[in-house]
Amino acid sequence: MFLAYIKAFHIIAVIAWMAGVLYLPRLFVYHAVSEKGSAQAETFKIMERRLLRFITTPAMVAAWIFGLILAFSVVDWAHAGWFHLKLLLVVVLSGFTGVLAKWTREFAADRNTHSQRFYRIANEVPTLLMIAIVILAVVKPF
């Protein structure tokens, strides 16, 4: 029963984390075309900072904690090649979250150097990672 709750909290945390990493680049798309110093740009700064600080980062930390508890409780590490690749992709997704934090700081300091097109493309990264991670976790192909 304990592991069922851990798995449920892991899934909840992953959903919240994915919401953040999918929404932040979308905010950047609109922020990139707003005029620096405008009321709209200042609103985006607040939205980006709060999304990162109060949802995305805590959800990422929770996903890692609950995921590691599950991994140490359930996974047969010696025979789980799928898990090693999944873990690597989760590390990449965590790194992408760090990049989002960097971009949030750059926008906050009015130092953005990227176009809205750049952020539209960047918005696809977490989607592709999520697809691969979920397939590995559910199908366990190797």
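This is a predicted model: local features need pLDDT of at least 70, side-chain atom pairs count only at pLDDT 80 or more; totals for chains, interfaces and linings use all residues.
**Exercise 1. Compare the end-to-end reach of H2 with the expected span.**

Solution. Start with the count: H2 has 36 residues. At 1.5 Å a residue, 52 Å is expected. From first C-alpha to last, H2 reaches 50 Å, close to that value.

**Exercise 2. Describe the overall fold and its dimensions.**

Solution. Count the elements: there are five helices and zero strands. Along the sequence the pattern reads α-α-α-α-α. Next, take the box along the principal axes: the C-alpha atoms fill roughly 55 × 25 × 15 Å. Now look at contacts with a separation of 6 or more: 79% of them join residues 24 or more positions apart. Finish with burial and surface. Of the 142 residues, 37% are buried. The protein exposes about 8200 Å², and carbon and sulfur atoms supply 71% of that area.

**Exercise 3. Determine which elements build the largest nonpolar core.**

Solution. The largest nonpolar core has 32 residues. Within it, Trp-17, Phe-28, Leu-93, Leu-100 and Trp-103 have the most contacts. Two or more residues come from each of H1 (2-33), H2 (39-74), H3 (81-108), H4 (116-122) and H5 (124-139). H3 gives the most, with 10 residues. In soluble globular proteins, nonpolar side chains tend to be buried together.

Now zoom in on Trp-103. Leaving out residues up to four places away in sequence, Trp-103 touches Phe-28, Phe-96, His-114, Phe-118, Tyr-119 and Ala-122.

**Exercise 4. Decide whether the buried residues of H5 lie on one side, and find their packing partners.**

Solution. Check the geometry first. H5 has 16 residues, so at 1.5 Å a residue the helix should span 22 Å. The end C-alpha atoms of H5 are 22 Å apart, which agrees.

List the buried residues in H5: Pro-126, Leu-129, Ile-133 and Leu-136. They cover an arc of only 100 degrees around the axis, so they sit on the same side of H5.

Identify the partners: the buried residues of H5 pack against H1, H3 and H4. Last, step past the end of the helix. Lys-140 follows H5 and has a positive phi, near 50 degrees.

How values were computed
Residues are numbered from 1 along each chain as its sequence is written. Side-chain values use heavy atoms; hydrogens and water are left out. A nonpolar core is a set of buried Ala, Val, Leu, Ile, Met, Phe, Trp, Tyr and Cys residues joined through side-chain atoms within 4.5 Å. Buried means under 20% relative accessible area, exposed over 50%, partly exposed in between (1.4 Å probe, protein chains only). Helices (H or I, at least four residues) and strands (E, at least two) are DSSP runs, numbered from the N terminus. Contact means heavy atoms within 4.5 Å. The expected span of a helix is 1.5 Å times one less than its number of residues. Accessible areas come from the Shrake-Rupley method with a 1.4 Å probe; for residues, only the protein chains shown count as cover. The arc is that of the directions from the helix axis to the C-beta atoms.
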